[in-house]
Structure formats: C-alpha cells, structure tokens
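Open the model in your viewer and keep the selection tool at hand. Each stop below says what to select and what is there.

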There are 2 protein chains.
Amino acid sequence: MTTTARAHEITTAAEQLFGRQGYHATTIRQVAGALDLQGGSLYAHVSSKEALLAAVVERSADRFDSAMSAALDCNDDPSAQLRHAVAAHVGVITENLPAATVYFQDWRHVSTPRLRRLRHRRDAYEQRWRDLIQTGVGEGHFGCTDVDMAARLCLSTCNWVYQWFRPDGELTADTVAEQIAGLLLDGLRPASRPSIEESTK
Amino acid sequence: MTTTARAHEITTAAEQLFGRQGYHATTIRQVAGALDLQGGSLYAHVSSKEALLAAVVERSADRFDSAMSAALDCNDDPSAQLRHAVAAHVGVITENLPAATVYFQDWRHVSTPRLRRLRHRRDAYEQRWRDLIQTGVGEGHFGCTDVDMAARLCLSTCNWVYQWFRPDGELTADTVAEQIAGLLLDGLRPASRPSIEESTK
C-alpha cells in the first residue's frame, strides 16, 4: 500500500471512531486497532491525534467545497441554485454522518495554526452561500435584508440534519433536501398569505 | 448548605465544565475541584459522572419546557405564537450556552433507562412545536404539507444558534430570534414573489 493510500485509510478509520465515540473518547491505539496496526506504526503516518482530527475535518471541508462547486456549476436562477446547494450540503452530511459529527462537534479541538486554516476554509465556504443569496437579492428573487444572517440560517437548517438523519429511515436525503429548500424559499405561510382577519373568519 | 442547594451547585459546575471541555474530557475530580470539594465527597451527592450528565440534560429540558409554556400562554394567532416560541427557545440557548452544548452534543452518552426518559422529554417538547404548526395549518396561517418536518426544521434553525452565538457579539438574542422567525414564516422570497420571468427582465 502506498503512503497516500495508507494515510487515507487511517483518516477514514479515525473519522468513523471519532464520529461514533467522540474525539476525546477515542485513543490512537483504537484507530490503529481498527486497521490491525500497532499504535507505534500509526505514528509513522500521523504526528498526533490532533493532526488526525485536523485531517478528518479537512476531508469534510473538501467534500463540502466539491459538492458546492458542482451545485453552482449551472446557469439556473438563484432559487434553483439554492435548491442545488441545499441538496449538495445535505448530501455530504447524510453520506458521511460520522464525519459530519466530527466536523460540527469536534473541529474546535484542533489547535492553531491548523485551526486558523480550518476557520478560513469555513468562512470561505459560508461566503459562497452569502454570495448566492446576495445575487438572489440583487436579481429580485430573494427579499431578505440581512444576507449574512440568511446564509447562516440556511446553513443552520441544513447542518442540523447530522443530528437526526437515519440512513435506514423512511426519508431519503433528497426528500429532506427538497423540504429544507422549500421551507427556506417559501417559509411556513401559505402561498396566498391570507391576512389574519381573512383566515380566521 | 442544604442537600438540594449543593446538588444544584454541583449540576451547575458540571454544566460549565462539560459544556466548555466536552463530557468525555471532563473528570469528576475536575467538577469537585471547581467547588473546592474532594472527589470522594462529590459521590455523596451524585452516583456517577453519567448521572451528573443526565442531571445537566434534565435541567436544560426543564428550561426549554418552562420557556415554551410561557411562550404559548397567550391567545395570539399561530404566527405570533411561533415568534414567541422561537424567542423562548433561542433565549434558553443563548442564556445557557455551555448547557446547550451538553444538551445537543452529549445527551446520547446517557445510558438507559435515563436515556429513555430524556428521549421521551425531547419527543414531548417537539410535539408542542408540531401541535403549534398543525394548529397554524388548520387555521390557514401556515401552508406546509409535512408538519413533522416543518417542526423539525424550525427547531434545527433555532438549535444551531448554540454553535455560533457570542454573548459579547453584536447580535442580541432577540434580534437573532426575530430574524429566525422571519425566515421561518416568510422564507427568502420577497413578499410580492415575482415570477422568474418578471424579476429578470
């Protein structure tokens, strides 16, 4: 096995263990054990448990970036692009639930300077959402006044999927993404939006 | 100090430490140390670290329940009630950030039968959101077709606040709650909702 392939395998094992047990509750020995390696030989590939955490988080960031690029690679209007972006983001989470758990819950345990790089990547990713919404506002598709907050709330709704999605459940990732996009675009109110007086008559 | 007051104090110390460091990374000795107690004397009050985790999570559940009861204790229409509910939920999170972190990230580390009770409480709390939205649909205020999903997505957006809210930041909890409620009720599209053809002319 090449060094790159071995590193990939180690990151995958760490991703699963950190995601299922929590970063702090997982030892390097357990990661090595999952690969039938000795703890010592693992250190030939990774310098520390924290470096392994950073690798897991970076891999998630890669997945989000790639999926978002594919989602935005179209000339659709901003509403359609938002649907694509939601599907992409939700897809990354649902296809990699343990990784998403690490990404969202444990990334703060990475120390600087690695943490600084991760923050920068997160900011850049969120900026793509802000740009998408800003374009939608500019073209009259979206009516929100605070683009930063709107982007944050869109991501909030998508991110939380890692907490409740079950791969063996009734809902597919596509259905979840459609429902989220629908709520984000149109809100809870009915399309005709009757006034309170009319609707309670 | 009474036994009840001491138990309250211990739960508060655990809440802060679990929330800031993570449940797994915190020892009973640290909780005792935060109160100038010996580890041994802490065990006169709590049977295990896991029992302490359950106490922390139960306290958060109490807060969410009380705040929701106060929010719904009015005769406003469902849209206004949703605003109150969002403000209540966001208020509990922003006023107790370490507790919210434990509530959302570590509650699964509680074992049965305590976990069963906690699940039951979470379900009951989410049911109140489903009931609120169902009433709104019934009265024509809301137009969503999947009430369960709508309730889940409302809570998702609110819950994620624990990840990014900064007590010393520019945004107050009230502003955050208003923005969330606005997005949930009206979505991103402008009130007039121009068709794509019209808006891109």
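Select A:E58 and A:R117: they form a salt bridge, with the closest N and O atoms 2.6 Å apart. (A salt bridge here is a side-chain nitrogen of Lys or Arg within 4 Å of a carboxyl oxygen of Asp or Glu.) A:E58 lies in helix 4 of chain A and A:R117 in helix 7 of chain A, so the pair ties together parts 59 residues apart in sequence. Helices are DSSP runs of H or I, at least four residues, numbered from the N terminus. A:E58 is buried at 16% relative accessible area, while A:R117 is partly exposed at 48%. Buried means under 20%, exposed over 50%, partly exposed in between (1.4 Å probe, protein chains only).

This is a predicted model: local features need pLDDT of at least 70, side-chain atom pairs count only at pLDDT 80 or more, and totals for chains, interfaces and linings use all residues. Residues are numbered from 1 along each chain as its sequence is written, chains are lettered from A and ligands numbered from 1 in the order in which they are written, and side-chain values use heavy atoms, leaving out hydrogens and water.

Next, select A:R114 and A:E50. Their side chains meet in a salt bridge (3.3 Å, N to O). A:R114 sits in helix 7 (residues 114–138) of chain A and A:E50 in helix 4 (residues 49–72) of chain A, so this pair links parts 64 residues apart in sequence.

Move to chain B. B:R121 forms a salt bridge with B:E58, closest N and O atoms 2.7 Å apart. B:R121 counts as buried at 15% relative accessibility, and B:E58 counts as buried at 16%.

Definitions and conventions
Helices (H or I, at least four residues) and strands (E, at least two) are DSSP runs, numbered from the N terminus.
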